[in-house]
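Good morning, and thank you for joining this group meeting.

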Amino acid sequence: MEVLQNDRLIRAAKGLPVDRIPVWVMRQAGRILPEYREVRAKAGSFIGLATHPEWAAEVTIQPVNRFDVDAAIIFSDILVVPEAMGLPYVMEEQKGPIFPQVIRSQADLDALKTAEPEEDLAYVLDAIKIVKRELSGKIPLIGFAGAPFTIFCYMVEGKGSKTFSQAKKMLYAEPALAHALLQKITDSTIAYLKAQVAVGANLIQVFDSWAGILSPAQYSAFSTPYLKQICDALTEVPLTLFAKGAFFAREEMAQLNCATIGLDWNMDIQESRKLVGSNRTLQGNLDPCALYGDFKTVETETKKMIDQFGTQRYIANLGHGVYPDIHPDKVKCFVDTVHNYPVY
């Protein structure tokens, strides 16, 4: 069992008392940092950076040094899973991910394989090993993957979308095909997350970025059963579910075998606590745009948030990833405000 110098995040996830509120920031490793942009330029592309273990490890550790956060999160991308399944993507500047091929038929599905992480995603596992060595037990490392439904959206649609109408079309027109694809994604994701834990990830977060495009009934049918499989399989470390926009699914998610429910900034904190109950930790949920305010505003908004969450069974974070044009000093102000909040 690894002994961490700072285990507050794990203690909070497990519901154990903490002497200081733990905090990290979604997308803390990335474009807000000039030191990240230097490494990214060296790599030549986002995918080049994500698939180069030494560089991925370097940018994972940068925010730890800059912000004194209570956890690192491995620098990678949720779309490495479909690529490992045989559906490669390209990252186009200003446009985002594009899949030259998509899944629209049984034949397309049959051409996919279940990912073998030690072979297909070795570069992520190697990056985790490097980060663990460099951190040397200082703080925990978070591993992650996209939720099956979110990955499904990209694999069917072929790109980002406001509506993901092609992906949702399959739910109505060919539900059996949709479930078969979701199962194959789930099998690959479980293997991938277990491999991350095996090489040192101390916690896992599952990002359901497009959960909010589903109706409550569709979420229960096409997302929750696959999240349940992941939660039931990943018992070695605490697991966080973050489903952006799925305000209607908070109570349902709290029935799953997860430690923490992540909230976006549209989810009322006190209502969420009632829905989730007292035996789950909450994470979140400052509006990232609050960090555009002056330092006093950042401090005030952060304190208002913590006043509602309380200091136990809580991990401070934003309600979504930090935006690329936010000044790093505002992130530092956010982190410092959390750390300085009194815990009695």
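First, a word on the source. This is a predicted model, in which local features need pLDDT of at least 70 and side-chain atom pairs count only at pLDDT 80 or more, while totals for chains, interfaces and linings use all residues. Residues are numbered from 1 along each chain as its sequence is written, and side-chain values use heavy atoms, with hydrogens and water left out.

Let us turn to the annotations. The unreviewed UniProt entry gives a "binding site" that covers R27, Q28, A29, G30, R31, D77, Y154, S209 and H320. These residues span 294 residues in sequence, and their farthest two C-alpha atoms are 23.3 Å apart, so they do not all gather at one spot. UniProt positions follow the numbering used here, feature names are shortened, and annotations may be inferred rather than shown by experiment.

The words pocket and cavity need care. On a 1 Å grid over the protein atoms alone, a cavity is a set of points where a 1.4 Å probe fits but cannot get out; a pocket is an open set with protein on both sides within 12 Å along at least five of seven lines; and lining residues have an atom within 4 Å of a point.

Where does R27 lie? R27 is in the loop between α1 (8-13) and α2 (34-43). Helices (H or I, at least four residues) and strands (E, at least two) are DSSP runs, numbered from the N terminus. Not counting residues up to four places away in sequence, R27 touches H320, G321 and V322, where contact means heavy atoms within 4.5 Å. R31 also has its place in the loop between α1 and α2. With the exclusion of residues up to four places away in sequence, R31 touches Y36, R37 and P324.

The unreviewed UniProt entry also places the feature "domain: Uroporphyrinogen decarboxylase (URO-D)" at residues 22-31 and 142-158. Residues 22-31 are 0% helix and 0% strand, with end C-alpha atoms 23 Å apart. Residues 142-158 are 59% helix and 29% strand, and their end C-alpha atoms lie 28 Å apart.

Next, helix α11. The expected span of a helix is 1.5 Å times one less than its number of residues. For the 24 residues of α11 (residues 175-198) that should be 34 Å, and the end C-alpha atoms are 34 Å apart, which agrees. Just after α11, G200 takes a positive phi of about 130°. Within α11 lies Q196. Q196 counts as buried because its relative accessibility is 0%; buried means under 20% relative accessible area, exposed over 50%, and partly exposed in between (1.4 Å probe, protein chains only). Leaving aside neighbours within four places in sequence, the contacts of Q196 include I74, F144 and I204.

How many disulfides are there? A disulfide is a pair of cysteine sulfur atoms within 2.5 Å, and the count comes to 0. The sulfur of C231 is 5.0 Å from the closest cysteine sulfur, in C258, too far for a bond. C231 is buried at 0% relative accessibility, and C258 is buried at 6%.

Finally, the cavity lining. The largest cavity is lined by residues including L9, W24, I204 and I315. Strand β5 (residues 203-208) supplies the largest share of that lining, 3 residues.
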